[in-house]
Amino acid sequence: MHAPSPKNAYQPAHATLLATTFARLLGRPLHDPDTAKALYHAPFPILSHNTADDPVLTYGNLAAQHLWEMDWQTLTSMPSRRTAEPAERGQRDAMFAQMREKGFIENYAGIRVSASGRRFEIRNAIIWPLTDATGAKLGEAATFRDVRPL
């Protein structure tokens, strides 16, 4: 997938998937407005990954790219586990298992690391599954507004 831009209408199919699954599960909008352009330019990170055995990031808006200090191409070619340091990945895996059991999580906190090695904590993250109209799983997504430098 190419970086969201005016040329591709900011990847509207994926943005719609993010917004509709979020709203369906949480009963509120992901962002107002929930347009593809607004999600890409939202002032808080929005990320998703696919369903591979070692999931790869499929989306990271500008806020996520800035936080992880990566451009679109680098971010969306990276296994999502690498958003956390190796010592933090077990806790991250446990969170995804809990999310899959409960349907979504609204209060996740965890330590993450940027491309330069800058560590930060995300708090009150919302993690949810991405599913199509038939319920088939297409990936998982996350968003958060509370970031603390470490």
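## Close-up views of a predicted model

**View 1. Helix α1 and its packing partners.** The buried residues of α1 pack against α2 (36-40), β1 (46-49), β2 (57-60), β3 (105-113), β4 (119-131) and β5 (137-143). The model shown here, as in each view below, is predicted. Helix α1 covers residues 12-26, which makes 15 residues. From first C-alpha to last, α1 reaches 21 Å. That is close to the 21 Å expected at 1.5 Å a residue.

**View 2. The buried residues of α1.** Which residues of α1 are buried? They are His14, Ala15, Leu17, Leu18, Ala19, Thr21, Phe22 and Leu26. An α-helix has 3.6 residues a turn, so residues three or four places apart point the same way.

**View 3. His14 and its surroundings.** His14 sits in helix α1. Its relative accessible area is 13%, so His14 counts as buried, the cut-off being under 20%. The side chains of His14 and Ser48 are joined by a polar contact of 2.8 Å. Setting aside neighbours within four places in sequence, His14 is in contact with Met1, Ser48, Thr58, Tyr59 and Leu130.

**View 4. The largest cavity.** How many cavities of 30 Å³ or more does the structure hold? There is 1. About 190 Å³ of space lies in the largest cavity. Its lining has 19 residues. Closest to the centre of the cavity are Leu47, Thr83, Arg92, Phe96 and Ala142.

**View 5. The lining of the largest cavity.** At least two lining residues come from each of β1, α5 (89-102), β3, β4 and β5. Among these elements, β1, β3, β4 and β5 also pack against the buried residues of α1.

**View 6. Asp146 in strand β6.** Strand β6 runs over residues 146-149 and includes Asp146. Is Asp146 buried or exposed? Asp146 is buried, because its relative accessible area of 17% falls under 20%. Its side chain makes a polar contact with the side chain of Arg148, at 2.8 Å. Not counting residues up to four places away in sequence, Asp146 touches Glu121, Ile122, Arg123 and Asn124.

Technical notes:
Residues numbered from 1 in each chain as written. Predicted model: local features only at pLDDT ≥ 70, side-chain atom pairs only at ≥ 80, totals over all residues. Heavy atoms only, no water. Helix = DSSP H or I, 4+ residues; strand = E, 2+ residues; numbered from the N terminus. Buried < 20%, exposed > 50% of the residue type's maximum accessible area, 1.4 Å probe, protein only. Polar contact = N/O pair within 3.5 Å; in protein donor to acceptor, adjacent residues only side chain to side chain. Contact = heavy atoms within 4.5 Å. Expected span 1.5 Å × (residues − 1). 1 Å grid on protein atoms, 1.4 Å probe; cavity = no way out; pocket = protein on both sides within 12 Å on 5 of 7 lines; lining within 4 Å. Points joined across faces, edges and corners; volume = space filled by probe spheres on them.
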